[in-house]
There are 6 protein chains.
Amino acid sequence: MPQLPSDKPFGRILLTGAGGNLGHQLRSALADWAGVVRISDIVPLSEAAPHEEVRLVDLSSREEVLQLVEGANAIVHLGGISVDAPFDDLVEANIRGTYNLYEAARKHGVKRIVFASSNHVTGFHPVTSVLDADAPQRPDSLYGVTKCFGESLSRYYYDRFQIETVCLRIGSSFEEPKNPRMLVTFLSYRDFIELVRCSLFTSRVGHAIVYGASDNATKWWDNSKAGFLGFRPRDSSVKFADRFPAIPVDTDCADPAQLFQGGAFVLGEPMYIDEQ
Amino acid sequence: MPQLPSDKPFGRILLTGAGGNLGHQLRSALADWAGVVRISDIVPLSEAAPHEEVRLVDLSSREEVLQLVEGANAIVHLGGISVDAPFDDLVEANIRGTYNLYEAARKHGVKRIVFASSNHVTGFHPVTSVLDADAPQRPDSLYGVTKCFGESLSRYYYDRFQIETVCLRIGSSFEEPKNPRMLVTFLSYRDFIELVRCSLFTSRVGHAIVYGASDNATKWWDNSKAGFLGFRPRDSSVKFADRFPAIPVDTDCADPAQLFQGGAFVLGEPMYIDEQ
Amino acid sequence: MPQLPSDKPFGRILLTGAGGNLGHQLRSALADWAGVVRISDIVPLSEAAPHEEVRLVDLSSREEVLQLVEGANAIVHLGGISVDAPFDDLVEANIRGTYNLYEAARKHGVKRIVFASSNHVTGFHPVTSVLDADAPQRPDSLYGVTKCFGESLSRYYYDRFQIETVCLRIGSSFEEPKNPRMLVTFLSYRDFIELVRCSLFTSRVGHAIVYGASDNATKWWDNSKAGFLGFRPRDSSVKFADRFPAIPVDTDCADPAQLFQGGAFVLGEPMYIDEQ
Amino acid sequence: MPQLPSDKPFGRILLTGAGGNLGHQLRSALADWAGVVRISDIVPLSEAAPHEEVRLVDLSSREEVLQLVEGANAIVHLGGISVDAPFDDLVEANIRGTYNLYEAARKHGVKRIVFASSNHVTGFHPVTSVLDADAPQRPDSLYGVTKCFGESLSRYYYDRFQIETVCLRIGSSFEEPKNPRMLVTFLSYRDFIELVRCSLFTSRVGHAIVYGASDNATKWWDNSKAGFLGFRPRDSSVKFADRFPAIPVDTDCADPAQLFQGGAFVLGEPMYIDEQ
Amino acid sequence: MPQLPSDKPFGRILLTGAGGNLGHQLRSALADWAGVVRISDIVPLSEAAPHEEVRLVDLSSREEVLQLVEGANAIVHLGGISVDAPFDDLVEANIRGTYNLYEAARKHGVKRIVFASSNHVTGFHPVTSVLDADAPQRPDSLYGVTKCFGESLSRYYYDRFQIETVCLRIGSSFEEPKNPRMLVTFLSYRDFIELVRCSLFTSRVGHAIVYGASDNATKWWDNSKAGFLGFRPRDSSVKFADRFPAIPVDTDCADPAQLFQGGAFVLGEPMYIDEQ
Amino acid sequence: MPQLPSDKPFGRILLTGAGGNLGHQLRSALADWAGVVRISDIVPLSEAAPHEEVRLVDLSSREEVLQLVEGANAIVHLGGISVDAPFDDLVEANIRGTYNLYEAARKHGVKRIVFASSNHVTGFHPVTSVLDADAPQRPDSLYGVTKCFGESLSRYYYDRFQIETVCLRIGSSFEEPKNPRMLVTFLSYRDFIELVRCSLFTSRVGHAIVYGASDNATKWWDNSKAGFLGFRPRDSSVKFADRFPAIPVDTDCADPAQLFQGGAFVLGEPMYIDEQ
């Protein structure tokens, strides 16, 4: 293992799911926060920089995860499946995988995890509601259900073992909004990175729930109960509003994807692997 | 009827109460949103522009209203009486008139109405409270009671017939504040128009309640539960603050008009027409 | 006018709607509480007992109501239309009629009114909710909307003129339940009379909202916020449960009358008189 | 398959986990409610009565569950693991098993499931709190986490597919309380059966959460928000109170099993199968 | 000191204010709960029974209180002034006295105190409200303010030193109700003793707030959030209702003593000793 | 006494505790708001300006305070002890002193007091909570308990005598933040003065509670319920953030001063004067 330099706030941060869209964004930012950045994914990652450790890991493997976590001071857990998928796949990646990660954290004494939950844990709330951290879960998909599991599990590890977690209910984090719904759910990369920074650097977070959205005009989520994280988005989807001109209201009102915050996710159907 | 051009979001918007203060402000803005703007009032309106249809209508007439609404895709209902008045007049204008409008909307398939409710539906809350959409109604006048009726009626048409309504609890929308109370309740014309725009263009609004106030320093109303409308005021009464210097607190504390949000409305008395 | 004997708590109580089902029940009970019981209806009533004054009154007539109220110390207002009806009829009976009554009360100094509101002011809440006095109104019919009006109006008369009102959101008050829904909404005559007694005899009631139901097993309504009224039902629909055997759950789930507390009311449609 | 007689409310009810403590209690009660009672467990069950169908089923097997559910009109799902256990076992029994059950219900058109959740989904709330259906989940064990999963999953199947579920957060259902904690959490067999009856026979339940406890003196749970189920416990732990004399308060206060509602569950530790 | 027999749940319980009305009631009950009952007052008490220790103590004396508390396992603190009084007297008895008691408890390791707070900490709530443990304090007198102090102080000692307190907001505990208000606030002696018993014998109470009232018909207070104490009143003021016949509502409405829960307390005025 | 000039909003404002840190800041600001500024402290103050009256006063002296308050139109009460201290000292300065001040205000007809409460009335809430005016008090020290007393007392004087108070729960008001905690609790001098200005100049405040913090990134307190005061901070601790670099999360988690909002205050211990 490379030596841990002393001039960064964290000795070693582990980033799972580093090969995905958001993992890619975060990879470089982590270099400023930790002497060593360990990154992992189930798919091969690009070559390690001098301060990086690259691991190819299947999160459903207890032994691999146990090794992966060793030596980390904090974890940003983006790994797993981030779209709807057959249940058996979700079980391995999001349920067993998340359990393996928390067990490894417990065994290695990691005290802080930033967990990529999802707005889809509340996606069956109507688009005419504004939710905060106390709104009941209403998952909009099996995927959302597995994210509820991650939130429950992390709550347990906090109450039982004092491992702190910030659950990020991420909206839509892309270069720019791709459809009208994303004008509401948009989280710019810059704001996403800031949200992770707040989650790692706030001295105590307990078990926190925060929605990840930029300062968009339309708001479905109210983060005021997470004010102790100090997260202030600096971007907004407003500048992209012209791309998605408003649709007359007399279009079909019965489309569930227009009625619920989860959008098209609410139309998915559970499936077994061989039913894909 | 004029043809409906295809390059505006709405084919035809109906504006009632177009001859009033706020109707006048909205009339020109609507031209950008709808191919045809139908405007009506019980008093004669100025000449129609090419994109306009002008109607002289008594809202208490079922037949007139039925004709008025035909062909509209959305309605901004400012019509009726907007100050305290004899009960019989209020019944005709604000109770029967609003009922006629919603019945006509139902019969003609209109799916969205922006209803000018009023801050006076909650005017008997003290000035030391901050209200949101869940605060109980406390009408401060018979006028306020009839606006409560409009809110109840529109709730019914939403639950029963899925006709969406945004109830605008408008503060004081004038060129500028006219008294100290209006420093709190001021809604600039620009912000009023923006509020109507959000109410018409948000794809789903359900049955929404939102207070209409600019971004004034003092706040009696908290719109965070209506965040899904995307309304962000851009003006403020702050620039007018100097006109109404603060009054020493040891002046008479027992004046109800100083104690309740409704101001002088709370001093009115119900009356029959012949008691005016 | 007969003399007011001094040995009853109230000198004179006025009961409107005395010819209806509940009025009939209450008529005899009132004899214990008031020296003079004035009863009125729009239809002829049976002959007056010695302690009674019988009046034939149209509530939509301002003058008739003004005379009716003169001399009363308290009012139990059951009058008006208690089922869905054409809007114009509801306006006269439930809107103008209630206004006339409150205006008359104000002019004659009456300080307490027991107002027969209805569970139909919240009938569009689902049958899987439990409501209390703070639940938002969700009227299930035009009839329900006019009862919302009565609640708003009485709130105004309390805030403005300190006339106290208890709004009774009566469930189904009959000899016995007539259908499965009434197992939940049943209010025995004895409990109804007790509820009116509490509403009249509690020394201060402010503007109170209380649901009228017996101590049935299934509960849609929670009266704990009205505990200051001291109302304790003594009857229950349990003894009638056998008449309405449970229906297998796999029957049609889409019937709105099964989904909402208002039952069949939610299927009604607004109408004008000539559309009956 | 045996014929479905027409004189019982349900044609066929499926009971999973029939071999357990509570399953045993329920087995005979079901005979009154359904023409055919299909019972299953992963361990052999006693011989079928004439109205019964006995199945040996592993809930983690998709095919077995699919067959098990066919023809059922309603399901009482007690199956799975009801104590803390290695994670992999819990995944198969409580996560995959519950998923298989709901998927089978969806495919076979079952519209009502009574799900044995547990008070351990909220076991990390202190014993000095009173919880209702809106209290946030605080699982006290991995077992509790998997019950949270079941609640989330059933919520999803309700929002997405209108399959109704009553989640029974069962306390301690035994012949009699076995320790001081059970004086609070005790649910008599008779009350348990009544709770299941209410859950099956209430015409609409949506997605309901109800705690299963008898009418014990000490209350940690408030079921008033589930009043629409009509559940009224008839038993109480009071008669057993003498067996567990009060302990002086100056005994050790730092024992977590005394501080949290979950009791000894909060002391468990997650484990893999080979760590048992 | 007498030996502590081992057959009572508590070794030694200290009762302050033993000479007052409620202290007198409790004195005999304590004999069943503790081997030694130490009783104190600022006025001489009747002769000690064999199991009793009698002390004459001024609570405002730090040294006397320190000695008084030594050896106690739990404290029932009824001492101090229980009516309105000059501020300086209240400071000594209720502020300095309560502080001395908690400091002595801390120094001697006492872990449980039952503190006689009062309904007068919320006496400025209107009689048309129902309060629970979360209702904001609204003291109705200087006396009430000093009871607020006791609640704040005990909260601090719980958060800081884990000394548990049950704050009893006692209503009117007498042989029988003495006026109409007491029909609502009545706490029978038997129920008072039961409330103290629950407060002492519940294994964990944290910092609890509970109103002390019997099961009277009219309810201003809702103890459901204190359900973990297991307190169930068995008496009711109903049997005394005839003594206080209802007063017609048209009597003077402006009497504050009729408007607020505190009754005549709200009419008191702060005073210095020499102003009595 | 100097004459009261007529061109300032207030004739005479009294400032207690003028010799302290915040008193010093406020002294000059008051010159703009009042014709005469009377300042007092228990320690000598610098020489009076022409518009000032300087008084040396011990707040625990009833007579001195009575004289001090005479002629004032409003009071800003910063006097008393603002750190933890022996109980007897706190009693004199913060309990008796505050009582003397309110009694004097009542006798001299002062109708508005701005009371320096403290964030330490809620300091035992965890740093992972966001509090508003309705959060329960959790004092973190005896000092905090005496500030709770001040809030209770002022509530009483409002309900009983209509003397209005704004309770300022001041965070950390210094030239700049001195430690990491103060990045959250920082209140710039400029914002402090603005907060006092709003508290004095809002025409009606009732009994208001507002936290005093600048617009810092991290927020423990939510002032939206005090929006009627019109307070908008203009400063932020963000510019000082670099001085307190984030600490890795794996440092000791068990330090109470890191866990609770009160910081080091939660570690203090009550003491008598001779125990200092």
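How many salt bridges does the rule count over all chains? The count comes to 126, a salt bridge being a side-chain nitrogen of Lys or Arg within 4 Å of a carboxyl oxygen of Asp or Glu. This is a predicted model, where local features need pLDDT of at least 70 and side-chain atom pairs count only at pLDDT 80 or more, while totals for chains, interfaces and linings use all residues. Residues are numbered from 1 along each chain as its sequence is written, chains are lettered from A and ligands numbered from 1 in the order in which they are written, and side-chain values use heavy atoms, with hydrogens and water left out.

**View 1. Arg12(B) pairs up with Glu53(B).** The closest N and O atoms of this salt bridge sit 3.1 Å apart. Arg12(B) belongs to strand 1 (residues 10-16) and Glu53(B) to strand 3 (residues 52-56) of chain B, so the pair ties together parts that are 41 residues apart in sequence. Helices (H or I, at least four residues) and strands (E, at least two) are DSSP runs, numbered from the N terminus. Both partners are buried, meaning under 20% relative accessible area, with exposed over 50% and partly exposed in between (1.4 Å probe, protein chains only).

**View 2. Glu164(D) meets Arg204(D).** Here the closest N and O atoms of the salt bridge are 3.4 Å apart. Glu164(D) is in strand 6 (residues 164-170) of chain D, and Arg204(D) is in the loop between helix 6 (189-201) and strand 7 (207-212), 40 residues apart. Glu164(D) is buried at 3% relative accessibility, and Arg204(D) is buried too, at 10%.

**View 3. Lys219(E) and Asp215(E) form a salt bridge.** Their closest N and O atoms are 3.2 Å apart. Lys219(E) is partly exposed, with a relative accessible area of 30%, and Asp215(E) is partly exposed at 28%.

**View 4. Chain D sits against chain A.** Each chain brings 39 residues to the contact, which means heavy atoms within 4.5 Å. Together they bury about 3,500 Å², 56% of it on carbon and sulfur atoms; buried area is the accessible area (1.4 Å probe) that two parts lose on being put together, summed over both. In chain D, Tyr99(D), Tyr156(D) and Tyr272(D) lose the most area to chain A, together 19% of what that side buries.

**View 5. Salt bridges cross from chain D to chain A.** The rule finds eight of them across this interface. One of them joins Arg96(A) and Glu92(D), at 3.9 Å from N to O.
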